[in-house]
Amino acid sequence: MKSFIDTANSSDIREAVALGMIDGVTTNPASLDLPVDAGRHTVLAARLRIGEEVERNDESRLVEELISDAARAEQRAVSGLVATLRALRLGRIWRLVYADGFAPPGSRCVNCGMLFEEKPESCAYCGAAVRPVDDLVEQAAQRMVMSGGKVEHVGGAMPERLGAAGGIGAFLKF
C-alpha cells in the first residue's frame with residue numbers, strides 16, 4: 001500500500017519526505033497559493049514545481065545516504081564504477097543509483113552478459129569473447145530491471161555530488 005500526503009505546503013512535504021513516510025503527493029488545487037481564477041496551466045505549473053522540489057529533495061537524501069553508507073565498514077552500499085560492477089556481478093544490488101550524464105564505456109561478455117569497466121581479452125567468468133559497449137550504466141540498469149531491482153537516475157544538483165563519489169553506486173542486499 002502506498003502513502004500520499006495531501007498538501008501544497010512545501011515544508012510539510014519536505015518533512016514527510018525526509019522521514020520517508022510518503023510515496024507521493026496529492027494536492028487539492030484549492031489549497032495551492034494561487035488566485036481563485038487561476039487557469040489550468042497555472043495550477044499545473046504550480047503542482048509541477050512542487051513535485052520537482054520533492055523529487056530533488058528525495059534525490060539529495062538518497063545520494064547522501066548512499067555516500068554515507070558506502071563509507072561505512074558494514075558495506076551496506078558501494079560507490080564508484082568498479083565497486084558497483086563487482087556488486088552487480090555478485091547479485092548483491094537491490095537499488096542502483098546513477099548520476100545524470102554518467103555513461104562510461106566498457107565491455108560485455110557475449111555469452112554470460114557480465115559487464116566490465118575495461119575490455120579484457122576474454123570473460124573472466126566463462127571465457128567467452130567480450131564486446132565493447134558505449135554505456136555501461138544503461139547495461140547495468142537493464143540488468144537491474146530484469147532482476148527486479150530498483151534503478152534511480154538522479155538529476156538537478158546531485159549528479160555533481162554523486163560524480164565526486166564515482167558517478168554511480170548501489171545499495172546492497174546483504
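These legends go with close-up views of a predicted model.

**View 1. Helices α1 and α2 pack side by side with their axes within 10 Å.**
Two packed helices are described by the angle between their axes and the distance between the axes. For α1 and α2, the axes cross at roughly 30°. Angles under 35 degrees count as roughly parallel, and α1 and α2 are therefore roughly parallel to each other. The crossing of α1 past α2 is right-handed.

**View 2. A set of side-by-side residues joins α1 to α2.**
From α1, look for S10, I13, R14, V17 and A18. Their partners in α2 are I50, E53, V54, N57, D58 and R61. Sorted by class, this contact holds five nonpolar, two polar and four charged residues.

**View 3. Helices α3 and α4 make another packed pair.**
Here α3 covers residues 81-89 and α4 covers residues 136-146. Their axes lie 11 Å apart, at an angle of about 30°. The helices α3 and α4 are therefore roughly parallel to each other. As α3 passes α4, the crossing is left-handed.

**View 4. Leucines of α3 meet residues of α4.**
On the α3 side you can find L81, L85 and L88. On the α4 side, the residues they meet are L136, A140, R143 and M144. By class, the contact of α3 with α4 has six nonpolar residues, one charged residue and no polar ones.

**View 5. The largest pocket holds about 360 Å³ of space.**
Rolling a probe the size of a water molecule over the atoms shows where empty space is left. Which residues lie nearest the centre of the largest pocket? They are I22, D23, G24, D58 and R61, out of 19 residues that line the pocket.

**View 6**
Helix α2 provides the largest share, with six residues. By class, the lining divides into nine charged, six nonpolar and four polar residues.

How values were computed: Residues numbered from 1 in each chain as written. Predicted model: local features only at pLDDT ≥ 70, side-chain atom pairs only at ≥ 80, totals over all residues. Heavy atoms only, no water. Axes fitted to C-alpha atoms, helices over the stretch in contact; angles between N-to-C directions. Helix = DSSP H or I, 4+ residues; strand = E, 2+ residues; numbered from the N terminus. Parallel < 35°, antiparallel > 145°, perpendicular 65-115°, else oblique. Left-handed = near helix turned anticlockwise from the far one by under 90°. Contact = heavy atoms within 4.5 Å. Nonpolar A, V, L, I, M, F, W, Y, C, P; charged D, E, K, R; others polar. 1 Å grid on protein atoms, 1.4 Å probe; cavity = no way out; pocket = protein on both sides within 12 Å on 5 of 7 lines; lining within 4 Å. Points joined across faces, edges and corners; volume = space filled by probe spheres on them.
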